[in-house]
Amino acid sequence: MKITVLGCGALGQLWLASLYKQGHEVQGWLRVPQPFCHINLVETDGSVFNQTLIANDPDFLANSELLLVTLKAWQVSTAVKTLAATLPASTPILLLHNGMGTLDELSMLRQPLLSGVTTHAARRDGNMIIHVAHGTTHIGPGNAAANDFSFLADMLHDALPEIAWHNNILAASWKKLAVNCVINPLTVIYNCPNGELRHYPDEVSAICHEVAMVMEREGHHTSAEALLLYVEEIIDSTRANISSMLQDIRVQRHTEIDYITGYLLQRARAHGLSVPVNSRLYELIKRKENEYERTSTGLPGS
Ligand code: KPL
């Protein structure tokens, strides 16, 4: 299959390497156009994958059979709308990022749109990407045109298992949103690895209560207790991780807070619900972000 991967960060490089090894024709797409992208990946078993791949080739894009998007949530809409003009109308677009809200922003697309969340962990270390832990990628249709694309799950599973297909991906997206509403802002406030959030059970539980309340109103059957158990499991299994939001704050990059807690607040407002704990966290993170964005160009960093 001919596949363009938009975004060549840690997750993008992991997918490029996995799809290439599986025999697919792949190209990377960088926001600052370059003719090549270099993949430098250390696998979980210590083996190294080193390859230079083509990048930003418009002819390749026009013939792509899949556009896989691994950008940060706030980068997705603008970049996808630009590439969608060149992409065939029948080519599916799969979004893999933290947070929610991009499906609404891209509701005008003619292409089949899919969305997903992953528990694969990869991080940059200098010019190397380290595949830290295997996980599961949950994918499903994000618009009606994508309902018949479950065959993509098999293709992607062969390249980078596990893949789980969901006819209704929103339930999985909300569960991941709950995890990110807890771990991401709290690790910034306490400047700590994920595991240390076990020392703040009251805050973790209060966030889960509010998220469960909004989820119920959105029509997803859950309970604060079930969410809390799930979130605690992820805190433990990623105990040594530095969350993506804390990494962003440490290097003064724009965070995904608007698509994580911000999305929760937006849905809570739509249902007339008050979520004071999450509102406070949102304000605190925005304040931190504004401190460095005000003093730079005024534009979100990359
Ligand atoms: O998705 C994550 C992130 O850091 O953004 C978690 C699951 C919290 C792992 O660190």
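## Val 5 and its strand

Val 5 has Gly 28 of S2 as its bridge partner. Strand S1 (residues 2-6) and S2 run parallel and are joined by five bridges; strands here are DSSP runs (E, at least two residues) and helices are runs of H or I, at least four residues, both numbered from the N terminus.

This is a predicted model, where local features need pLDDT of at least 70, side-chain atom pairs count only at pLDDT 80 or more, and totals for chains, interfaces and linings use all residues. Residues are numbered from 1 along each chain as its sequence is written.

## The sheet around it

S1 belongs to an open, mixed sheet of seven strands, ordered S2-S1-S5-S6-S7-S10-S11; two strands pair if DSSP finds at least two bridges between them. At the edges sit strand S2 (25-29) and strand S11 (163-165), each pairing on one side only.

## Two domains

The protein splits into domain 1 (2-167) and domain 2 (171-295), with bounds from an automatic or database domain assignment. Their C-alpha centres are 24 Å apart. Domain 1 puts 12 residues into the contact and domain 2 puts in 13, where contact asks for C-beta atoms, placed from the backbone, within 7 Å. On the domain 1 side, helix H3 (73-84) and strand S7 (113-118) each supply at least two residues.

## Out on helix H11

Glu 283 sits in helix H11 (residues 276-295). Why does Glu 283 count as exposed? Because Glu 283 has 12 C-beta neighbours inside 10 Å; the cut-offs are 12 or fewer for exposed, 20 or more for buried and partly exposed in between, with C-beta atoms placed from the backbone.

Key:
Two residues are in contact if their C-beta atoms, placed from the backbone, lie within 7 Å.
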